[in-house]
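Please keep the sequence and the structure in view while reading.

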Amino acid sequence: MKHAKITRRKILGTAALVPLPLSGTMVASANAHSPKTAGRPSAVVPFGAYNGSVDGVRTPFDGEIHNNSLAVSPHERIAVATNSQSDHLVVIDLRRGQKITQIKGYVTPRNILFAPDGQSFTVSDSTLGVLDRISLRTFQVEKRLPLGAGVFGTAQTKDGKRLYANNQAANTVTVVDLAASRPVTVITGFAQPRQGVKLAPAEDMLYVTNFQGDRISTVDTATNKPVKEIGGFNQVRGLSISRDGTRLYAANSGDNTVSIVDTASGATLHRTPVGQQPYGAALAPDETILFSGNLGGNTLTAVDPGPGSVIGTVTGLIGPRQAISFSADSKTAWVLNEDLTIAEVDVPALKVIRTLGRN
């Protein structure tokens, strides 16, 4: 699926969409700890000049750019998922395979990340221009950080103290101090950075996809300065970085391949043909397998990340994109379907064994 170059739309003439000052801090939701609403779907408190509708008609800021997101809790019991066409998040019990609740009030929710302690998670919304922290205990918004319309993909450090947020409208990455609940700096020089953003496992480098120009920028996290760009992609989407930081894997939805790139030189070492319209390039923790989520083919392609050879294909999915999560032992993968159900995949068998969240 091709997406047009993003421009600021006519809704800007109707409702001002402006990034908040850098000194802005997270604000607590008025009903964050209300015992009467604990565990029930919550309406998210609006923020700013634009709430996602014009004259009562739902008008997302960047609704033509579609993606999905799935986060699995550290104890691998709960998953939270969404896609940017939904106005809500779904919370699913992975063991029982049942939906627990929906969290409503969003317009174009983009990316979900669990805190390291598993007690909360963050979600970005590119129309509302916010990053929310939501309690897993109450399913209520505890804190809301205004980052400006266009906030998309997010990545965070292992300790959960620092978060990086792409903004495709402003062509920036905001660095957020989560402990202090405030942005600390804004990195410039990108070109439509969307969902794709990954920290190297050593956390010394940040990799940011630029949809415009099909390049991936590398940012030195010590200085928060871009150091180089890697090219050679075709509608670049999801990416992964190897544990030693020497290899980058990126999905090319424009030519149905996954690129394997040497991070030091920026050279493409191999280009593996996969399924139709690959969005995801998810590397298992043990690095024995990489899954591409093939939106157009309703499949996953399993790739050996060493030589880049295809191992097999997983069928029985509905519009998978980049929302793919592996268990810590790499034996199970959870893949978000277009209808916000989750396909549970037996990785060694390359087979969907359950579909979760149908209730």
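Gln195 counts as buried because its relative accessible area is 12%, where buried means under 20% relative accessible area, exposed over 50% and partly exposed in between, computed with a 1.4 Å probe on protein chains only. The model is a predicted one, in which local features need pLDDT of at least 70 and side-chain atom pairs count only at pLDDT 80 or more, whereas totals for chains, interfaces and linings use all residues. Residues are numbered from 1 along each chain as its sequence is written, and side-chain values use heavy atoms, with hydrogens and water left out.

**Gln195 and its surroundings**

- Gln195 belongs to strand β15, residues 193-199; helices (H or I, at least four residues) and strands (E, at least two) are DSSP runs, numbered from the N terminus.
- The side chain of Gln195 reaches the backbone oxygen of Arg110 at 3.2 Å, a polar contact being a pair of N or O atoms within 3.5 Å, of which, within protein, one must be able to donate a hydrogen and the other to accept it, while residues adjacent in sequence count only if both atoms are side-chain atoms.
- When neighbours within four places in sequence are set aside, Gln195 is in contact with Asn67, Asn68, Ser69, Arg110, Asn111, Phe152, Gly153, Asn166 and Gln322, contact meaning heavy atoms within 4.5 Å.

- Strands β15 and β16 run antiparallel and are joined by four bridges, two strands being paired if DSSP finds at least two bridges between them; Lys198 has Tyr207 in β16 as its bridge partner.
- The hairpin of β15 and β16 has five residues between the strands, and Glu203 there takes a positive phi near 65°.
- Strand β16, residues 205-210, is mostly covered, with five of its six residues buried.
- Six bridges connect β16 with β17, again in an antiparallel arrangement, and the partner of Leu206 in β17 is Val219.
- In the hairpin of β16 and β17, four residues lie between the strands, and Gly213 takes a positive phi near 95°.
- Strand β17 (residues 215-220) is joined to strand β18 (residues 225-230) by five bridges, the two running antiparallel, and Ser217 is partnered by Glu229 in β18.
- β17 and β18 also form a hairpin with four residues between them, in whose turn Asn224 has a positive phi of about 55°.

- Ser124 lies in strand β8, residues 120-125, and counts as buried because its relative accessibility is 0%.
- Leaving out residues up to four places away in sequence, Ser124 touches Thr108, Pro109, Arg110, Asn111, Val130, Leu131, Val151, Phe152 and Thr154.
- Asn252 is part of strand β20, residues 247-252, and is buried because its relative accessible area is 0%.
- The side chain of Asn252 reaches the backbone nitrogen of Asn234 at 3.0 Å, and the residues that Asn252 touches, beyond those up to four places away in sequence, include Phe233, Gln235, Arg271 and Pro278.

**Aromatic rings and charges**

- The model holds two aromatic pairs, where rings of Phe, Tyr and Trp (its six-membered ring) pair if their centres lie within 6.5 Å, and planes under 30 degrees apart count as stacked, over 60 as edge-to-face and the rest as tilted.
- Phe114 and Phe121 form a tilted pair, at 5.6 Å centre to centre with 55° between the planes, and Phe114 and Phe121 are each buried.
- Phe291 and Phe326 form a stacked pair, at 5.5 Å centre to centre with 15° between the planes.
- That pair links distant parts of the chain, since Phe291 is in strand β24 (residues 290-294) and Phe326 in strand β27 (residues 324-326), 35 residues apart; both are buried.
- Arg194 lies over the face of Phe211, at 4.0 Å from the ring centre, and Arg321 over that of Tyr279, at 5.0 Å; a charge sits over a ring if NZ of Lys or CZ of Arg is within 6 Å of the ring centre and within 35 degrees of the ring normal.

**The chain as a whole**

- The secondary structure comes to zero helices and 30 strands, and 58% of the 359 residues count as buried.
- Of the contacts with a separation of 6 or more, 45% are between residues 24 or more positions apart.
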